[in-house]
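Please keep the sequence and the model in view while reading.

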Amino acid sequence: LLSDDEPLVAAMFEAVGSRFVRHYDHLASFDCVGAVAMGDDMGFKTATMLSPATFRKYLFPWYEKLVDCAHRHGKPAILHSCGNLDAVMEDVIACGWDARHSFEDAIEPVWKAKQKYGGRIALLGGFDLDKLARLPEEDVRKHARFMMDTCTAGGGWAMGTGNSVPEYIPAGNFLAMMEEALR
């Protein structure tokens, strides 16, 4: 529809974006809400789902408004987005997000993202789910220590998985990752 009916696309972003802003502003006003988080997968393994220009025109102005809602209420704003965001990561940071979650080693390992962006946005998680699912427990511990050695300098990083924790992750591996972080 970006080619066939761009006014409809613009109207859709306006309708959805304005609703999200009202919703986030309301939620962020509650004292029991510690942070505002947005799940919005923008990419896949090799690129963004839409062109960076499209995101800049239609999505990022709404991101700025969502982040502003959180910040007006003194809350951090966290973005979860899967996929390769290399072409738009500077834009994501410019929108004011305090943290980003979702990292996969095949796309961009969190320790490389930390080197590029760590001083400007907090990075959350990054323990690749494939490793967490298939490595022996001792190797999970070694990888957790590697991640902590490479990502904790300067702050702005928290141990966690690269994405959600599906049921096929061995409980022992998940606990080993967390135990190493607590140490």
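The model described here is a predicted one.

Strand E1 spans residues 36–39, with Val-36 and Met-38 on its covered face and Ala-37 and Gly-39 on the uncovered one. In a regular strand, side chains alternate between the two faces of the sheet. E1 pairs with strand E2 (residues 77–80) in the parallel sense, over 4 bridges. Within this pairing, Met-38 stands opposite Leu-79 of E2.

**Aromatic rings**

A pair of aromatic rings is described by the distance of the centres and the angle of the planes. The structure holds 6 aromatic pairs. One of them joins Phe-60 and Tyr-63: the ring centres are 5.6 Å apart and the planes meet at 40°, so the pair is tilted. Both residues belong to helix H2 (residues 52–72), and because they are 3 residues apart there, about one helical turn separates Phe-60 from Tyr-63. Phe-60 is buried, with a relative accessible area of 4%, and Tyr-63 is buried as well, at 1%. Ring pairs also link these two residues with Phe-55 and Trp-97 in a cluster.

| Charged residue | Ring | Distance to ring centre |
|---|---|---|
| Lys-65 | Trp-62 | 4.2 Å |
| Arg-100 | Phe-103 | 4.6 Å |

Most residues other than glycine have a negative phi. Ser-102 is not a glycine, yet its phi is positive, at about 100°. Where does Ser-102 lie? Its place is in the loop between strand E3 (99–101) and helix H4 (110–117). With a relative accessibility of 5%, Ser-102 counts as buried.

**Cysteines**

A disulfide is a covalent bond between the sulfur atoms of two cysteines. How many disulfides does the model contain? The count comes to 0. Cys-82 is in no disulfide, and the nearest cysteine sulfur, that of Cys-151, is 18 Å away. A disulfide requires the two sulfur atoms to lie within 2.5 Å. Cys-151 is likewise in no disulfide, its nearest cysteine sulfur being that of Cys-82. Cys-82 is buried, with a relative accessible area of 17%, and Cys-151 is buried at 0%.

Conventions: Residues numbered from 1 in each chain as written. Predicted model: local features only at pLDDT ≥ 70, side-chain atom pairs only at ≥ 80, totals over all residues. Heavy atoms only, no water. Phe/Tyr/Trp six-rings, centres within 6.5 Å; stacked < 30°, edge-to-face > 60°. Helix = DSSP H or I, 4+ residues; strand = E, 2+ residues; numbered from the N terminus. Buried < 20%, exposed > 50% of the residue type's maximum accessible area, 1.4 Å probe, protein only. Lys NZ or Arg CZ within 6 Å of the ring centre and 35° of its normal. Pairing = 2+ DSSP bridges.
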